[in-house]
Amino acid sequence: MTTQLIRPAASGLTSSSPRLTLAAALLGFFIVTLDAVAVNVALPTVARDFGSGVSGLQWVVDGYTLMFAAFLLSAGALSDRIGARRAFAGGVLIFSLASLACGLAPSLALLVVARFVQGTAAAVMMPSSMALIGQAYSDARERARAVGVWAMGGALASSSGPILGGLLTEVNWRLIFLINVPVGLVTLGLLRRIAASPRRPASIDWVGQLTAVVAMGGLTYGAVQAGSGGFGRPPVVAAFALAIVGIGAFALSQARGRQPMIPKQLVTNRALRTSALIGFAFMVGYYGLPFVFTLYFQQERGLSALAAGALFLPMMLIGAALTPFSARLVERVGPRLPIVTGLLVMALGLIILGLLPVTTPVVVLSALMILVGLSGPLTMPPTTAVLLNRVQGHSAGIASGVFNTSRQVGGALAIAVFGSLLASSSGFMHGLKVSLIIAAGVAVTAAVAALNLRPEAEGRPK
């Protein structure tokens, strides 16, 4: 359920075919989201085929998420610089080729490399797809409806991802990636019939981009490797030290750079800071839970990939079903109450799941995961509404990138930390329970922060 902010189309810059534009953007969002969700249920099968442990599986997931997070901010500037249609088409093409490489990968190492490329392409696709919608729909109401349809595409991918991933894995897990190729070709065909996008000067903060990659990469690598060898190993210590240096260098580049990724006025924007924390916390639970329970259902309870995927269906469907009603709820009560409620409901579900005995029937676990699914429509659309109303129009694209980067970082770190806990000497079940409690604590922390959102300011921009 990734969400983006969109700038309205400039006068005279609407697409020659808004519906085709929306269809292309929706298909792009669908495969980007599907690839992040469906691969989870295939992980145990991938591990058997390649003889991999948990750390290898972590990189199959985090290779994608890490690059997605690292390049989102620069991708927005790239979209402005070369035009949204060209950026989106390039992203779709590279994503499709990387998907083909994933499907044909003869080793785990090459699969992970291809996942890195996939994640980079996905980062380019996200802001450019939303820029296309902004250019196609100049009327605010029509644009809002288009975003709703686009969001439903992501919700459909999220809800169908586990079961579709399970079905494809029963045949061959490689189909999870190969299915992206024909969808990508259809998307490229639609883009040929869409008017060219305008370009505008936009600088890319290469120093900020490099230091961000170093910081995220070091942090993720250290967390992944700590699970198998402990935090005291020299490679782990070196990775965390590199991450600290990267974070410091990134902060310095943003404070002193002429054209930083994150302008100073956004750094001091309370709504953006709070929204970023909420997005981070949400993804820790929403992305981390399927990772640990996919391995649990298949490795500890002996279920097939299809059966494991089916158990996630109620959790995913509840989010897809309720997402269309989020906007009405926000109009009535404002965004603060739904956001806080959603995060607390997520925390409650995670805590209950973490405290249940190992003999709990899997059907009961599936039902309880609905609580985590409920948090999606309660939390993410209202958080986006806060950003839409509290960030100035010309900064909306950058704010969107910051928000979505925080979400992807949350997901990447969840996989890294939780995977390390599962692989630790304390045992799989201990790691699973600790992972869920950590995710619940992060959600509660974000809920407390969300209480500071000012309801009286929700309706007007800063």
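Author: A residue is called buried when its relative accessible area is under 20%. The model discussed here is predicted.

Reader: Why is R115 called buried?

Author: Its relative accessible area is 0%. The cut-off is under 20%, so R115 counts as buried.

Reader: What makes the contact of R115 with D35 a salt bridge?

Author: The closest N and O atoms of R115 and D35 are 2.8 Å apart. A side-chain nitrogen of Arg within 4 Å of a carboxyl oxygen of Asp is enough, so the pair is a salt bridge. A search of the whole structure finds 1 salt bridge.

Reader: Why does this pair tie together separate parts of the sequence?

Author: R115 lies in helix α4 and D35 in helix α1. The parts they join are 80 residues apart in sequence.

Reader: How do you know that D35 is buried?

Author: D35 has 1% relative accessibility. The limit is under 20%, so D35 counts as buried.

Reader: What makes α4 a mostly covered helix?

Author: Of its 29 residues, 23 are buried. From first C-alpha to last, α4 reaches 41 Å, close to the 42 Å expected at 1.5 Å a residue.

Reader: Which residues form the nonpolar patch on the surface?

Author: They are L93, I94, L97, V113 and V117. Together they have about 420 Å² of accessible area. Helices α3 and α4 each supply at least two residues of the patch. The most come from α3, with 3 residues.

Reader: Why is L97 called exposed?

Author: L97, in helix α3, has 52% relative accessibility. Exposed means over 50%, so L97 counts as exposed.

Reader: How many aromatic pairs are there in the whole structure?

Author: The search finds 12. One of them joins F50 and W173.

Reader: Why is the pair of F50 and W173 given its type?

Author: The ring centres are 5.8 Å apart, and the planes stand at 70°. Centres within 6.5 Å make a pair, and planes over 60 degrees apart count as edge-to-face. The F50 and W173 pair is therefore edge-to-face. F50 is in helix α1, while W173 is in the loop between α5 and α6, 123 residues apart.

Reader: What makes W173 and F177 edge-to-face?

Author: Their rings are 6.2 Å centre to centre, with 90° between the planes.

Reader: Which residues form one aromatic cluster?

Author: F293, Y296, F297 and F312 form it.

Reader: Why does T45 count as buried?

Author: T45 is at 12% relative accessibility. That is under the 20% limit, so T45 is buried. T45 is in helix α1. Beyond residues up to four places away in sequence, T45 touches T169 and W173.

Reader: What makes L168 buried?

Author: L168, in helix α5, has a relative accessible area of 16%. Buried means under 20%, so L168 is buried. Not counting residues up to four places away in sequence, L168 touches W173, L175, I176 and I179.

Reader: How far apart are the C-alpha atoms of L168 and S375?

Author: They are separated by 28 Å. Along the chain, L168 and S375 are 207 residues apart.

Technical notes: Residues numbered from 1 in each chain as written. Heavy atoms only, no water. Phe/Tyr/Trp six-rings, centres within 6.5 Å; stacked < 30°, edge-to-face > 60°. Helix = DSSP H or I, 4+ residues; strand = E, 2+ residues; numbered from the N terminus. Buried < 20%, exposed > 50% of the residue type's maximum accessible area, 1.4 Å probe, protein only. Contact = heavy atoms within 4.5 Å. Patch = residues over 30% accessible without salt bridge, like charges linked within 9 Å, V, L, I, M, F, W, Y side chains within 5 Å. Areas by Shrake-Rupley, 256 points an atom, 1.4 Å probe, with all protein chains shown as cover. Expected span 1.5 Å × (residues − 1).
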